[in-house]
Amino acid sequence: MHAPARGAATLHDVAREAGVSLATASRVLNGSTRKVAESYRERVEAAAEMLGYTANLSAQATARGTSAVVGLVVADIADAALGQLAAGVARGAEEAGLVVTIAVTGRDPLREVAVVRALRGHRPRGLILGASRTEGPDATDLQSELEALAGTGGRVVVLGRRTSGLRAVGTDERAGAAALGETLARLGYRAAVIVAADEGIRTFDDRVAGFSDGFTTGGGTILDVRRAGFTREAGYASAQALIDEGVTAGTVVVGIRDVVAIGVMSALREAGRRVGEDVAVAGFDDIPFAQDAAPGLTTVRVPLEELGYRAVRAVVEPEWDAASPLLPVEVVVRGSTPPRA
């Protein structure tokens, strides 16, 4: 065998080197469903490897109807929780022989629609929608784009609530938040402030509603729901405001996400308040830093990596149980919420 004299290897080069027709080389390397004799397949693959041939993804997509790509749409890839999710998607994609393309929306519903429309043009094997979706007209536009992508052969998997006509994998956010509320009430807390995002983001709305139900059922009172955001900075600013307003000892401040709760803890420490002993703090997700914080952060453990992995399985498996159970979550109590007498 010998490499071509100049330039990148072409499909013609591979066919000539393997001693097969161009059509046979194309069927082997561009994903055709037509059968090729194993001896020919081995020769073509060996020639392609020797020549350094890179398959034409557009040709593969034409042959298969979809490309060997799975798209992951998330709000912010720099976020620790979404990073865990992406790790699970990457693991599943590697097993399935797929390449992961990640698109970031910044939780902008208009951006979500534009991203899905752009990915649809690449004919991905599947699309995993991990970004939070708001209610209203923009959500309707997004649903239309997802259905259009599914209509061209791509399989759409939604992380979270089941959506009509689409596969979904998720965790029971509301039940997990309710369990956190019940746990804190059993520990003796009777007053809580929730630092949350604007209404309309489904995941966070479920967490607020679940915690409120669980905490009040246990005998507690929700003093306020602060619609501040879902970042560390939102938690920090909210805690500063609470301190200025004279938050009383024994109150538990619940961040809608761990990063929000960590911002709350930082502001409390800077103000000379003792986290846990004075003002308690809890979060949701159980990102790696939650255990290493001082004191450790009470939170709800969400199996984010497993969620991402299962999302890829939902893309590639021919059959998928629409009623598949939600992944379980677990309340983890740490030093940020010590028992109260």
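Buried means under 20% relative accessible area, exposed over 50%, and partly exposed in between (1.4 Å probe, protein chains only).

The model is predicted: local features need pLDDT of at least 70, side-chain atom pairs count only at pLDDT 80 or more, and totals for chains, interfaces and linings use all residues. Residues are numbered from 1 along each chain as its sequence is written, and side-chain values use heavy atoms, with hydrogens and water left out.

R167 belongs to strand β5, residues 167–169. Helices (H or I, at least four residues) and strands (E, at least two) are DSSP runs, numbered from the N terminus. The R167 side chain reaches the backbone oxygen of E317 at 2.6 Å. Beyond its neighbours within four places in sequence, R167 is in contact (heavy atoms within 4.5 Å) with residues including R155, V157, A314, P318 and W320.

## The nonpolar cores

A nonpolar core is a set of buried Ala, Val, Leu, Ile, Met, Phe, Trp, Tyr and Cys residues joined through side-chain atoms within 4.5 Å. The largest one has 48 residues, of which L184, F211, F215, V252 and V281 touch the most other members. Elements that each supply at least two residues include α8 (173–186), β6 (191–196) and β9 (280–282). Helix α11 gives the most, with 8 residues.

Leaving out residues up to four places away in sequence, V281 touches, among others, V252, A261, M265, L297 and T337. A second, separate core of 22 residues includes A75, A93, I128 and V315.

## Two aromatic pairs

Searching the whole structure turns up 2 aromatic pairs. Rings of Phe, Tyr and Trp (its six-membered ring) pair if their centres lie within 6.5 Å; planes under 30 degrees apart count as stacked, over 60 as edge-to-face and the rest as tilted. F204 and F230 form a tilted pair, 5.7 Å centre to centre with 35 degrees between the planes. F204 lies in helix α9 and F230 in the loop between β7 (221–227) and α10, so the pair ties together parts 26 residues apart in sequence.

The rings of F211 and F215 have centres 5.4 Å apart and planes at 15 degrees, so this pair is stacked. Both residues lie in helix α9, 4 residues apart, about one turn of the helix.

Note on methods: A polar contact is a pair of N or O atoms within 3.5 Å; within protein, one must be able to donate a hydrogen and the other to accept it, and residues adjacent in sequence count only if both atoms are side-chain atoms.
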